[in-house]
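Hello,

Here is the structure I promised to pass on to you. Please open it beside this message, and read on below for what turned up in it.

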Amino acid sequence: MFGIFNQIFGGSADAVDVKALIDQGALLIDVRTPAEFNSGAAPGAKNIPLQELQHHIGKLKQTGKPVVAYCRSGNRSGMAAQILNEKGIEAYNAGSVGQVRQMLAK
């Protein structure tokens, strides 16, 4: 059932423990623009802007790791999670950068 939810909604921070995923080696991806990323990102995040995500699918697949995406509001990261899930990569929308920072601080 969770797999179906994940396929439909692209994963959700409410449905999984994002901090646990990251602690277990999931990749933390910031899908905001480089300027937004440089203005402050979550610790350990890699910047892959949403518009460039398609170019990184192969490399992300090669890692074999789940992906946790975030952005400014959760909208772009939701789209990123959906794209990645459609390409066979386990991916979750962690919402906003503020939400991710708060989760990682716990």
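Two notes before the details. This is a predicted model, in which local features need pLDDT of at least 70 and side-chain atom pairs count only at pLDDT 80 or more, while totals for chains, interfaces and linings use all residues. Residues are numbered from 1 along each chain as its sequence is written, and side-chain values use heavy atoms, leaving out hydrogens and water.

**Overall layout**

The chain has six helices and four strands; these are DSSP runs numbered from the N terminus, with helices being H or I of at least four residues and strands E of at least two. Starting at the N terminus, the order of elements is α-α-β-α-β-α-β-α-β-α. Of the 106 residues, 46% are buried (buried means under 20% relative accessible area, exposed over 50%, partly exposed in between, with a 1.4 Å probe and protein chains only).

The four strands make an open sheet with parallel pairing, in the order 2-1-3-4; two strands pair if DSSP finds at least two bridges between them. Strand 2 (46–47) and strand 4 (91–96) are the edge strands, each pairing on one side only. Strand 1 (residues 27–30) and strand 3 (residues 67–71) are joined by four bridges, and L27 sits opposite V67 in strand 3. Strand 3 also pairs with strand 4 in the parallel sense, again over four bridges, with V68 opposite Y92 in strand 4.

Two helices meet this sheet. Helix 5 (residues 75–86) packs on it and touches strand 3 and strand 4 (contact means heavy atoms within 4.5 Å); the direction of helix 5 makes about 175° with that of strand 4. Helix 6 (residues 97–105) lies across strand 1, strand 3 and strand 4, at about 100° to strand 4. For these angles, axes are lines fitted to C-alpha atoms, for helices over the stretch in contact, and angles run from 0 to 180 degrees between N-to-C directions.

**The cores**

The largest nonpolar core holds 16 residues, and V68, Y70 and A94 are among those with the most contacts inside it. A nonpolar core is a set of buried Ala, Val, Leu, Ile, Met, Phe, Trp, Tyr and Cys residues joined through side-chain atoms within 4.5 Å. Helix 2 (18–23), strand 3, strand 4 and helix 6 each give this core at least two residues. Another core, of 15 residues, lies apart from it and includes I48, L53, A69 and C71.

**Two residues to look at**

M79, in helix 5, counts as partly exposed because its relative accessibility is 35%. The C-alpha atoms of M79 and A69 are 9.4 Å apart.

Best wishes
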